[in-house]
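Trainee: I would like to go through some local features of this model. Please show me the sequence and structure.

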Amino acid sequence: MAQSDLTRVVEPACRKLAEQLSYELVDVELAREGASRYLRIYIDKPDGITLNDCETYHRAVAPLVKRVDYDFLEVCSPGIDRPLKKQRDYDAHVGETVEVHLYRPVDKRRRFEGELLGLADGVVRLACSEGERCFLLKEIALCKPVIVITEEELEAGDTAEADEEGDAPDD
């Protein structure tokens, strides 16, 4: 199946199913890895995707994608550093630090990091340490949030996990 068929036929069916199950369809891709072809479907929801959500969607979508020539079907979360692809993604991350990877170097660099100022008229604006930079959306291979986890957050996470297991650390 050609990429155009994937976009024209498969993606709308996947999107409709996601909406029926109260998920957001983030992306559908057919990727070759070695000799295998992976049909990957990324779903999300406001409070995050669970393994049960992926299983539910997987069971429901499998019959809808029988026409696709793939070896493995994966349904997954886009992750905490979900790439920004659509206008609403960019709008949701204005004011946050993002990293931008370009297809071709600009000033001998392919990677830029800075505060996302927005996306308008196909142009992504960043406030970088060297000043404001603008990139055409079509020049961007990847734009994703920069995730910074502090030591305090890690420690709080360890405590929360221990509490959930009933093994709270002794004081």
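This is a predicted model: local features need pLDDT of at least 70, side-chain atom pairs count only at pLDDT 80 or more; totals for chains, interfaces and linings use all residues.

Mentor: Residues are numbered from 1 along each chain as its sequence is written, and side-chain values use heavy atoms, with hydrogens and water left out.

Trainee: Is Ser 22 buried or exposed?

Mentor: Ser 22 lies in the loop between helix H1 (3–20) and strand S1 (24–33); helices (H or I, at least four residues) and strands (E, at least two) are DSSP runs, numbered from the N terminus. Its phi is positive, about 65°, although Ser 22 is not a glycine. Buried means under 20% relative accessible area, exposed over 50%, and partly exposed in between (1.4 Å probe, protein chains only). Because its relative accessible area is 58%, Ser 22 is exposed.

Trainee: What is the phi of Asp 107, a residue other than glycine?

Mentor: Asp 107 sits in the loop between strand S4 (97–106) and strand S5 (109–120). With a relative accessible area of 55%, Asp 107 is exposed. Its phi is positive, near 55°.

Trainee: Which residue in S7 is the bridge partner of Val 124?

Mentor: Strands S6 (residues 123–128) and S7 (residues 131–136) pair in the antiparallel sense over six bridges, where pairing requires that DSSP finds at least two bridges between two strands. S6 and S7 form a hairpin with two residues between them. In S7, the partner of Val 124 is Phe 135.
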